Amino acid sequence: MKYDVCIVGSGAGGSPIAYELSNAGFNVVVLEKGKNYTESDFSKDELAVSRREKFTPLLKDEKHIIYDREKDGSVKRYDGAEYSWSFWNGSMVGGSSNLMSGYFHRMKPDDFRLLSTYGKIEGANVVDWAISYEELEPYYEKVERVVGVSGVVAKHKFSEPRSTPRFPFPALEVNVVTEWFDASCKELGFESIQTPRAVLPKSALGRNGCSYSNFCGSYACATGAKGSARAALLQKCSAKIITEAFVYRLESDSSKITKVHYYDKDLNSQTIEAKIFVLSAQAIESSRLLLNSKSKFFPKGMANSSGEVGKNLIFSAGGSGQGRFEFENLSQKQQEGLMQPGLFFNRSLQDWYDYEEDDKCYKGGTIDFLFEHANVISRATREFYNEDGEIIWGEELKQKIHKTLSTSRVLTFEVFNDWLPTDECFVSIEEQSKDKFGVSVGAINLSGHPQDLEVGRYLAKKAVKVLEEMGAKDVSMSISASPPPNLVAGGCRFGDDAKKSVLDRNCKAHDLENLYVTDASFMPTGGSVPYTWTIYANSFRVADIIKKSLIS
Amino acid sequence: MSSNSRRTFLKASFLSTVVVVMGAYDIFDKIKPSPSLNLVQKDLFPFAQELNVNMPQYMSIILAHSRISETDKEFILNGVKWLNEEAVAMYEKLYTKLTSNERQSVLKNIVQESWGESWISTLLTYTMEAIFSDKIYGVNPQEKAHKWLAFDMGLPRPTKALL
């Protein structure tokens, strides 16, 4: 059987294509490496989900090799299995969108023209996007309606233009501590923004509303309120989903992909033929699959005549910080409000989406504020050391855990700024290292640009000011070049120049007539926000392009 | 072999391993790991007993767990060996033969070594997992630690343990 469309990967990059094209009457098949789960499978079991990482592959079976470039230029090799260094996210139908927090910010118009607006940066491969914000805006709006985005649109210094005045779903309920936050921001002259969320506050779109379970980020949603690709799209379309299907090679002639080869759950090799193929296996794995698909037509790897596949891998730069609110400084009423479980925090700052320092204009970013994750085991293990840095046990540990966890609560922040693309950060293939399928694993070559850290620190200091103004204790921040594995993009950047990019402006491979890549791989720069909304929006945009192509 | 019998096999293989404890010049003794492991966990966090948490059973689960690496399991057993060798070096006795004060002295000594600090942290981490585990795992029937911290467990609760 020959399908109209075959999609590799069922996350935020692939699902809008499956949803749009199957609902338009096309015959669509989705190949997903992970298993299928339903909402009844999604308990809040910290042991299974967070400690034993139920939704990601075992590193002994599937790993990456990581080459980390130090400040002095030396490179250290890490075997992901030996060092427990995982770049896997959600390996399941719907992918990592099941586990996202759903902090949804649109990219700003200047994010699409980073080079034009901010100029060249030495050592960084900054370019403008092949499309503008205006071209993507209708699809951001579509995501709001179809996937479901809740919140309040508030005008602020860096508000992006919108085609609609408000979000289609009202804001989630928030903790009373947001009032302290808002007041502190006002005192400091900062503009507090209510964070839009891909979470439905009430039942809508055929899904249940949020249950305020207190376990949202990192956990799959048991009500369907979270706008995962599974809940919002795949369960509302007729696309055929083949689970536990690991695609290991794309086969082509000189101009078209002809079939994909995959291993089924019994490790038997199977093939699928289709008119159009869409790759959305998440950035690192999409590059890996292309590079592993060498042939006489594409000796450097599929769609890689430019040599650009795998290049300019980016993550979200930044880091995090926190401050603690202790009972001894609060009234009884404030204590009760602080400890109210389940209610969200949902506050962000974007005052410094760009800023000037030393007569130079920098692209800044976003700061999201949220309560420390409710995971109680993780929080207890953070109490193992005393103030002198010595490990403690017995009664001393018991008392410390009780005091910290029952008479205080931590407010954290996360900084999102651009991870500048460089020549040293890319995906390659580690030929001699094989996974359980016998396929060469991906090598992740890591390097951060110094400006990433400077901008991250600038933003984090602003967040620290807010926490201090709020009266938080033990305020700290940590900005590092560590790549967040769940915020990865690039490797197949799109552009109009076929010699310098892998994909054209439609996210179709320059080299092939029927191969599209629609996960975050296409992004030449990442903006200073979490990626998921942009991935969804772009995938809906490409779905329209593919639809036209199939109809014609 | 069914998955259950495979688990039983692994569990048996780890906990039936004989640990060779070296003295200064020769083999001091050959021991089963469980008595030392159970005792050191009582010494590290005796409150777990007050919470009616079955730590030996939880460690059996960990040592047979499909998602705990063999390296991590071996580290737990190697720690038992090294703990006893420290006890022998200090008191010429196995850890299980020492008084409570002597055992605390051994723990204070091993924590000065990087392996010792890491091992104690590992055992404490598994203790936290056990005391805050859902009762579906079978080691924490009363879930007293949650009440101790007035912590509301997330809903929905698991209906099946991940082993």
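**Sheet, helix packing and chain contact in the predicted model**

In the predicted model, strand 3 (residues 65-69) and strand 4 of chain A are paired in the antiparallel sense over 5 bridges. Within this pairing, A:Ile66 lies opposite A:Tyr78 of strand 4 of chain A. Strands of a sheet pair through backbone hydrogen bonds, either parallel or antiparallel.

Both strands belong to an open sheet of 4 strands in chain A, with the order 4-3-17-16 and mixed pairing. Strand 4 (75-79) and strand 16 (426-434) of chain A each have a single partner strand and stand at the edges, so one side of each is left without a neighbour in the sheet. From one strand to the next, the twist averages 25°. Helix 7 (residues 283-292) of chain A packs on the sheet, where it touches strand 16 and strand 17 (440-446) of chain A. The direction of helix 7 makes about 60° with that of strand 16 of chain A.

In chain B, the axes of helix 2 (residues 33-44) and helix 5 (residues 70-91) come within 10 Å and cross at roughly 80°. These two helices of chain B are therefore roughly perpendicular to each other. Helix 2 of chain B contributes B:Pro33, B:Ser36, B:Leu37 and B:Val40, which meet B:Leu77, B:Val80, B:Leu83 and B:Asn84 in helix 5 of chain B. The residues of this contact comprise 6 nonpolar, 2 polar and no charged.

The contact between the chains takes 31 residues from chain A and 30 residues from chain B. On the side of chain A that touches chain B, two or more residues each come from helix 2 (46-51), helix 9 (376-381) and helix 10 (394-406) of chain A. Helix 10 of chain A gives the largest share, 6 residues. This side of chain A divides into 15 nonpolar, 8 polar and 8 charged residues.

Conventions:
Residues numbered from 1 in each chain as written. Chains lettered and ligands numbered in written order. Predicted model: local features only at pLDDT ≥ 70, side-chain atom pairs only at ≥ 80, totals over all residues. Contact = placed C-beta atoms within 7 Å. Nonpolar A, V, L, I, M, F, W, Y, C, P; charged D, E, K, R; others polar. Axes fitted to C-alpha atoms, helices over the stretch in contact; angles between N-to-C directions. Parallel < 35°, antiparallel > 145°, perpendicular 65-115°, else oblique. Pairing = 2+ DSSP bridges.
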